[in-house]
Amino acid sequence: MIHVEGESPAIQNFVHALKENPPPMARINSVQEMETKVNGWTDFLIAESEEADQPSVEIPVDLAVCPECLQEMLTPTDRRFLYPYINCTNCGPRYTVIKKLPYDRAQTTMKEWTMCPACQEEYHNPFDRRFHAQPNACPVCGPHYVLYWKEGSVQDSVEAIKLAAQLLKQGEILAIKGLGGYHLACDAQNVQAVTRLRERKRRPAKPFAIMVKDMESARAIVDLTEEAEELLTQPSRPIVLAPARHTLLEVAPDNGHLGVMLPYTPLHHLLYHVGAPPVLVMTSANRSGEPIVYRDEEARLRLKEVCDAWLVGQRPIARRVDDSVCRPTVFGPMVIRRSRGMAPLPVANFPPSPPILAFGADLKNTVTLVVSGKAVMSQHLGDLEQYEAFEAFEQTVRDLLAMYRVEMGEIIAVSDRHPGYHSTQFAQELPVQKLVTVQHHKAHVASVLADREAWDRRVIGLAFDGTGYGDDGAIWGGECFVGSLREGLMRIAHLRPAVLPGGEAAAKVPVQALAGFLADRIHWAQEMGEKLHLPKRYFSAIKLVEKELHTYPTTSMGRLFDAVAALLGFFDEISFEGQAAMWLEYVASRAPLKKRYPFPWDGRKNELDYGPLLEAMVEDLLKGEEKGVVARAFHRSMAEGILEMAGDISEREEVDTVVLSGGVFQNNILLEDMKELLQEKGLDVWLPKRVPVNDGGLSLGQAALVAARYQGM
Ligand code: ZN
Ligand code: ZN
Ligand code: FE
């Protein structure tokens, strides 16, 4: 609320300037003007925040250090020379230091540091860049960094950072406290160091993110389009996936892409300034699937076996926030993980309803709170199977409700329909006004519609992913819907059902999925398996399928990708979700597009039939066709089959927008092929813009389906 007094033209100028020329990080959603009584005030003053019923203020997000602060930090005469906690109103921590709203220093983790007179002066001076910068600090009054290693500790910030850079250069592994948690860092160009990190972290294959010194180093490591550079430099400084120019051994095995980010805290810049290697592995300190470690004692204890030294900042972190991840695609930028610098900004405007709290799914969990017509989505919380992730999930639910002053008793809670999900069970225990469940794949499609605020648009919605609990209890994942948010979504087609020996556990073993997709021609499956030298596990799975033991029906597209990966030689168990499909994409990316296979759409049964597809691939492999060529052709055939289905349904239903959602659509080759083929079809394709296409976007879709149909529910 701004109270201005003066002559009319001056006030008009002020309003104009506010709208046209706001401070760099301000985002003006709307301006409402009203007349009020004249008090005869002559000074500029920021009054204490008033406690409102429901804070209309958004929780601000963490921002990368700004150019002005960077320059000050590297100026020897500046009083913040080499100070790792430099910040101003245009940059620095927000969500990761805020304990309560409104956002005032006393309600942040900076509370325990009292500003010195020089900092006070800036804080109270309307003409200063640090006017009301809540985390304002300097080397005299603020927190510092300390290094702990085998020879004790280094208490001086600058000396600590210098030694840290030195240790990194020598190939050591460091735990480094950042904005939303700890990273494990080492020299990405030192194979021994990276290998050691993999062994100690017990993470054999999942790609590590890297941080590069500057844009120049980024360009040397990955191929960057203009769009990718824009993503890299946005204020949230996310990890951007881009094609690797060189292989960095052990950083991203069997993967043609690297996840790259630029330095975003003053500390990162300082590390490079004092000589840290230009390309660093910067991976969240956690065990796979867990959220990032953020408390100091936790880091000291749990990383003992992993790192050689700790670079610990004294400013506490209020909550864990992982790095965000995105990538450019032929359909525009795609968010893969929405977290630091993005969450918890609102993602969409919603129609009026009581507060809604949606709990997402158990993998890549996020939660969404709808309050005062806005959908606020949490940061990425991880896989709820893990205790730490579940703890973060509970804390975030508490946080969001407290910050927006919403009572548990007034909310409509929404969970996935899967009875075994931790998120579902958690929701069932809460004293909420009402609990609703939404089918997984409907929520996927709805998330894209909500992201676009398309409340009435009728669409064809494709939800292709690994697994989700179907309305008939089967494992769904290759689903096609028609409908809108307002009228609801109707499942009208799907992948031809296969069986999954071992049920959802088979998601870890691609050869098991392969056996299940050949259930209707088991004799042939046995024969060709021998000719292709498939491993033992495949044949035991065939036996299960034959005897119909522990087999469950599935329409999962993700499992079809797994089956194809197995056919082409991916025999191991996977060590992270999506690994086999990523491997398959990598194999395909290195071969030319030479042929295509049949992936027929049956418009009477409303099924996409993978049978002829697998048959043709096997035939080719037996003829000795190169695996890359087969993998490449598989992707093309996928795209053709999908678009044939979409085209047919589009004519039948007179709908021309196709919504894509689910983890399968993170596949770049598939997206590129679809884009190319689309030109002949006259279909409009929608992917989400602000939320992840994977399960990270589900909570928004859940909330939207409930909000759209809310009428005194
Ligand atoms: Zn700044
Ligand atoms: Zn100070
Ligand atoms: Fe899903």
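Rings of Phe, Tyr and Trp (the six-membered ring for Trp) count as a pair if their centres lie within 6.5 Å, with planes under 30 degrees apart called stacked, over 60 edge-to-face and the rest tilted. With that in hand, Phe 359, Phe 390, Phe 393 and Phe 426 form one aromatic cluster.

A word on ground rules. This is a predicted model, where local features need pLDDT of at least 70, side-chain atom pairs count only at pLDDT 80 or more, and totals for chains, interfaces and linings use all residues. Residues are numbered from 1 along each chain as its sequence is written, chains are lettered from A and ligands numbered from 1 in the order in which they are written, and side-chain values use heavy atoms, leaving out hydrogens and water.

Back to the rings: the count comes to 14 aromatic pairs. Here are two of them.

| Pair | Centre to centre | Angle between planes | Type |
|---|---|---|---|
| Tyr 538 and Phe 539 | 5.1 Å | 80 degrees | edge-to-face |
| Phe 561 and Phe 634 | 5.1 Å | 80 degrees | edge-to-face |

Phe 561 sits in helix α16 (residues 557-567) and Phe 634 in helix α19 (residues 627-653), so this pair ties together parts 73 residues apart in sequence. Helices here are DSSP runs (H or I, at least four residues), numbered from the N terminus.

How exposed are these rings? Buried means under 20% relative accessible area, exposed over 50%, and partly exposed in between (1.4 Å probe, protein chains only). Phe 561 is buried at 2%, and Phe 634 is buried at 0%. As for the other pair, Tyr 538 is buried at 0% and Phe 539 is buried at 16%.

Arg 300 has its charged end over the ring of Tyr 148, 4.4 Å from the centre, and also over the ring of Trp 310, 5.0 Å from the centre. That label needs CZ of Arg (or NZ of Lys) within 6 Å of the ring centre and within 35 degrees of the ring normal.

On to the cysteines: the structure holds 0 disulfides (pairs of cysteine sulfur atoms within 2.5 Å). For Cys 186, the nearest cysteine sulfur belongs to Cys 307, 12 Å away. Cys 186 is buried at 0% relative accessibility, and Cys 88 is buried with a relative accessible area of 0%.

The largest cavity has a volume of about 130 Å³. A cavity is a set of points on a 1 Å grid over the protein atoms alone where a 1.4 Å probe fits but cannot get out, and lining residues have an atom within 4 Å of a point. Of the 17 lining residues, Pro 93, Leu 179, Thr 265, Pro 266 and Arg 315 are the closest to the centre of the largest cavity.

Key
1 Å grid on protein atoms, 1.4 Å probe; cavity = no way out; pocket = protein on both sides within 12 Å on 5 of 7 lines; lining within 4 Å. Points joined across faces, edges and corners; volume = space filled by probe spheres on them. Helix = DSSP H or I, 4+ residues; strand = E, 2+ residues; numbered from the N terminus.
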